[in-house]
Amino acid sequence: MSTATAPEKTAGKAGKVDYDVVIVGAGFAGMYQLHKLRQQGMSAHVYETGSDVGGTWFWNRYPGARVDIESHHYSLGFDEDLQQEWDWSERYAPQPELLKYAKHVSERFDLRKDITFNTKVTAADWNEAEHSWTVTTSAGETVSARFVILATGCLSKPQRPKFEGLENYQGELYYTSSFPDDVSFAGKKVAVIGTGSSGLQTITAIAGEVGSLSVYQRTPSFAVPAHNHELADEDREKVKANYAEIRAKDFAAKIGFDAGQNATVMAADLTPEQVRAEQEARWELGGLSYGFAYGDILVDPDVNESFSEFIREKIRGIVKDPATAEKLSPRTYPVASKRMCVDTGYYQVYNQDNVELIDINEEPIEGFTATGIRSGGKEREFDLVILATGFDAMTGAILDIDITANGQAIKDKWAHGPQTYLGLMTSGFPNLLLITGPQSPSVLTNMITSIEYDVDWLTRLFADMRAAGHTKVDARVESETWWVTANNDVAAGTLMPQANSWYMGANIPGKDRVFLPWVGGHDMYVQICESIATVGNYHGFKFEA
Ligand code: NA7
């Protein structure tokens, strides 16, 4: 690295630190980052709130929890032996298997010895004189580190709405985001609030076991069938023989996995019959591929309406009661502008006599009583209530940590939305790095692909800094402003901001409406980050020794 973009050099400022790097979070991002830093001879320590590794898959253990991207895509590709030795059992792996995989990764690379569990990082303060962070944990420990990496996950701060009287409810109450093991549903009167991916998966899994099920829906989801199935040995062998090609395609894809995207083919240029045939084919194929059939689904309102209406038609074909089918049919936002759900028999549940759907727009939830929920002036009694009410996405977990640098708090800087450079740094907070941060492609892609790319990019940054004798990196304000503007502009060119989605922060009362992930695609993001790091010599970053 030359110093063409690093004018503000001061020699030899850095003091001694406990660790080169403190990593926050032991999900796939934190684990892979730890492994890479060790390989580079850096000392790193991970703090994790949970009692084990796995992040999302440690916490989200509600019934039916399952990944919505095919297992072999949603798995780490950095180590050939790891991917050859691991056998996925189903097309879409269930949560217990994903957690087992995460544990396997931690054991295989001997990661646990550098992870402190049951410990939350509560604060981090930048020490300009020493070029280091002082990190404070919930255990009262204080350690210093040259760098802090936030591997805190995009969906890790649960949203827990303050329903009136919730504290008075005497029955069983669970959140999908922290579900206990061994909950029995048999014969019970159960309510589920929330119909995003977690709600849909829970509802589908428990409907056959409960006595009765009442679903409180605020906004219906678009769900496409998973056509999940057990994998045969020959399926696994085929994947294993082709991993190199699969990973290469995943990394080159807009969404971080190959879903047969037709990004350059526009539905508007085709006949309705051709489009219809493609919709049917994608429905039969199953999975998120449906939303990527053409390049204009999230740009052209007419094309989008055709893809929305096709799903509504499928709902009407599955759900026998027309009024229920209509309630389940999304009409207030474009398909794929909120994350679509990948279901395993969700709509069919509503043909059961013991299942009722309550549209809370017609029957607003007034609150909880000791024995149930009151909505629209009517009280229903429940033995068990499940809240599947989502997350304070992308910024929640970061802002939960009291992060300060040079008298500024990140909470204040991001009061009206995140400001990052490439989703990797926020200016004024030196040596604070983000994996799949806000304004990175992250949640609009296969998270594993995004995680691997970000970790590799950061690892190269550290190596280049070490080679150049630099101990401090920060993002330039003007580069950050450019990236934030680009992020908003690209999003504004799509239909995505029309939805009241967690992508927009719209699910959290009081959160500013800002489109949080980079919508320009993983492929373009990689091109930008690569050119900035190599051709641009880390243009937009400034370094000091
Ligand atoms: P989501 O997708 O944010 O779903 C949360 C659901 O809870 C959604 O239907 C919300 O309705 C509903 N919700 C939230 N707050 C309330 C209140 N106060 N009252 C009633 N209903 C409410 O989270 P998930 O955990 O299901 O999925 C997150 C991601 O995980 C998913 O996208 C996949 O990527 C995997 P709303 O739609 O906001 O009207």
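Which helices do the buried residues of H14 pack against? The legends below, which describe a predicted model, take up this question after an overview of the chain.

**Figure 1. Overall view of the protein chain in the predicted model.** The protein chain contains 15 helices and 21 strands, and its radius of gyration of 24 Å is close to the 24 Å that the globule rule gives for 545 residues, so the chain is as compact as a globular protein of that length. Along its principal axes, the C-alpha trace spans about 75 × 55 × 45 Å. Among contacts between residues at least 6 apart in sequence, 72% join residues at least 24 apart.

Figure 2. The buried residues of H14 are Ser479, Glu480, Trp483, Val484, Ala486, Asn487 and Ala491; seen down the helix axis, they fall within an arc of 160°, so they line one face of H14. The face turned away from this buried side carries Val477, Glu478, Asp489 and Ala492, which are exposed.

**Figure 3. Packing of the buried side of H14.** In answer to the opening question, the buried residues of H14 pack against helix H12, residues 410–413, and against helix H15, residues 522–533. Trp483 and Asn487 are among the buried residues of H14.

**Figure 4. Close-up of the aromatic pair formed by Trp57 and Tyr74.** The structure as a whole holds 35 aromatic pairs. In the pair shown here, the ring centres of Trp57 and Tyr74 are 6.0 Å apart and the ring planes stand at 85°, an angle over the 60 degrees required, so the pair is edge-to-face. Trp57 belongs to helix H2, residues 56–59, whereas Tyr74 lies in the loop between H2 and helix H3, residues 80–85, so the pair ties together parts that are 17 residues apart in sequence. Trp57 has a relative accessible area of 9% and is buried; Tyr74, with a relative accessible area of 10%, is buried as well.

**Figure 5. The aromatic cluster that includes Trp57 and Tyr74.** Together with Phe28, Trp86, Trp88 and Tyr101, the residues Trp57 and Tyr74 form one aromatic cluster.

How values were computed. Residues numbered from 1 in each chain as written. Predicted model: local features only at pLDDT ≥ 70, side-chain atom pairs only at ≥ 80, totals over all residues. Heavy atoms only, no water. Buried < 20%, exposed > 50% of the residue type's maximum accessible area, 1.4 Å probe, protein only. Helix = DSSP H or I, 4+ residues; strand = E, 2+ residues; numbered from the N terminus. Arc of directions from axis to C-beta. Contact = heavy atoms within 4.5 Å. Rg over C-alpha atoms; globule rule 2.2 N^0.38 Å. Phe/Tyr/Trp six-rings, centres within 6.5 Å; stacked < 30°, edge-to-face > 60°.
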